[in-house]
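Please look over the aromatic rings with me.

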Amino acid sequence: MPPQLRTSPQASSFSLTSLLDLSSRLSETDSTDRILNAALLSVMGKLRCTKACVLEHDNSQLSVRQTKGVAPFHVPNPGIEDVTSALSDPRLQVLSQAGIAWYVPVVAGSELLAVLCFGPSIGGLPLTDDLRDYLDIVRSITATALKNASMVRSLIDTSKELERRNLLVTSLLESSREFSVLSDRPGILRTLSYRLMGQLMISNFGIILYDAPAEDRLLCNSRSVEKLSQIMDILPPIHQPIRVDDLPNGAVAQRLAAAGVSALAPLNVHGQVRAVLAMCGKLNGMDFTDEELLFAEALGNAAMIAVENDRLFHEEIAKRMLENELGIAATIQRGLLPLAVPPTPGLSVAAHTRPNKQVSGDYYDIIPLDDHRTLFCIADVAGKGVPAAILMANVQAALNVLASLDLPLGTLAERLNKLICENTEPEVFVTLFLAVIDANTETMHYVNAGHNPPVLYRSNGDVELLTEGGVLAGVIPDPPPYKCGVGGFHSGDVLVLYTDGITEARDIQNREYGVSYLVQALAKCKHMVPSQIVEAIVSDLNIFVGDVELADDSSIVVIKRHDRSY
């Protein structure tokens, strides 16, 4: 307990009332400076001294914190814990030289909180027992006030911190709800911008996506941070939030800092880092705390989930549009192929087509020219979908119009080539085979415009590949004249037209079916009718490839010459 104040003539000025008044004033504030200042002024008034100061403990030295008429100075800590006269203690010689008479350390337990120093009183008051007791009580009251103030400030800081954390959690919950209903990137960025600004005072940021086209990799909230595109290729792999100053690679840190980036946070989707949140400096100029970085990461993850949902949403729309387009193309294509084989006097015909996907690039047609001649066509359009289907429709329409003109096959091929060149891009082309078979004269005229050579299997077992013709249709506007091949087509002869999906099919060992396997299959079934020949070839192809999915569309047309009595 502090010593009791003895009543004596000298102690009459150190009244209990003044001590109670001092205690009351010190309890009204939680400011260290105000407490120390009030203690200084109270004692200065009682001691009637004109000089005083407060020394604070700084490592092993004492430094002036507040001063009343005393020049600032530094002194080694003398280690004195009792009220001492600076005029009589050699350890306080420096204080004595500075005009200090009384040294009053404020101690709580073993901790030195401050030192109250006073100059001599105007009346030359000595350091009596009563004065020492008074100063002991003052320093005890001051120490208690300082500790209480520290506790109050700690409680206030803790309350503020809890309130701030509660605001952060509330902000995260609200943000998650907002992000869950957003389906556009501008709205996502706007919400993220509001939250980062409101909670962390970040006005500029960017989200850099890892797996995205170069033009879509950077999502930023303002044009002022588009310079972040310069650092997309130097971003280090990160798995936790980090300040740029803490990066181990100094060169990378310098480039990031030059771009205005102060901190990075990984953004995860389903446990995988899909992007990085690059944050520029805070408006108040303060560094990011660890807690703030974790908050930014959590907020960014919520935004990233919304970005991913937006991507999946647009992918689903694109997928449905593609499916719709393919459905249209399939409808167009089904209208192009013959629903049934038209009458072909003297000939038996069967056909089969199998698209690899929903829409095939293959096309075939059978057009009777008169009562004994038939025009056959098989083609393969480079491309898929609606554009390829429309091109096939144009080819079919042109072929039917030109067929009615009874043009030579070479001229017919040239006209089709010109049509395709004038209505398509340079990279679009068509392989084409045209043949006219005359059942009366048992002759065949044909033109091959870059198509797979059809197989002509003679009744005597000879095999011919029909290659005479010219270049692909749609490649050269004015190609060299197409050459017309001429040959006989007699009873028992079989002509097989096909697309590359037949001969380029591969088995599990990556072996190609090729023309050789096609001829072998044909040799086994040449005596059959065309529909059976088609079934036999398709079956042989399926056995060859096994479980391997066909990589391309496949079409086959089989034509067989028979006697009129057939």
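**Notes on the aromatic rings**

1. The charged end of lysine 282 sits over the ring of phenylalanine 288, 5.7 Å from the ring's centre. A charge sits over a ring if NZ of Lys or CZ of Arg is within 6 Å of the ring centre and within 35 degrees of the ring normal.

2. Keep the source in mind. This is a predicted model, where local features need pLDDT of at least 70, side-chain atom pairs count only at pLDDT 80 or more, and totals for chains, interfaces and linings use all residues. Residues are numbered from 1 along each chain as its sequence is written, and side-chain values use heavy atoms, with hydrogens and water left out.

3. The whole structure holds four aromatic pairs. One of them is stacked: tyrosine 513 and tyrosine 517 have ring centres 5.6 Å apart and planes at 25 degrees. Rings of Phe, Tyr and Trp (its six-membered ring) pair if their centres lie within 6.5 Å; planes under 30 degrees apart count as stacked, over 60 as edge-to-face and the rest as tilted.

4. Tyrosine 517 also pairs with phenylalanine 544. Their centres are 4.8 Å apart and their planes at 50 degrees, so this pair is tilted.

5. Tyrosine 517 is partly exposed, at 29%. Buried means under 20% relative accessible area, exposed over 50%, partly exposed in between (1.4 Å probe, protein chains only).
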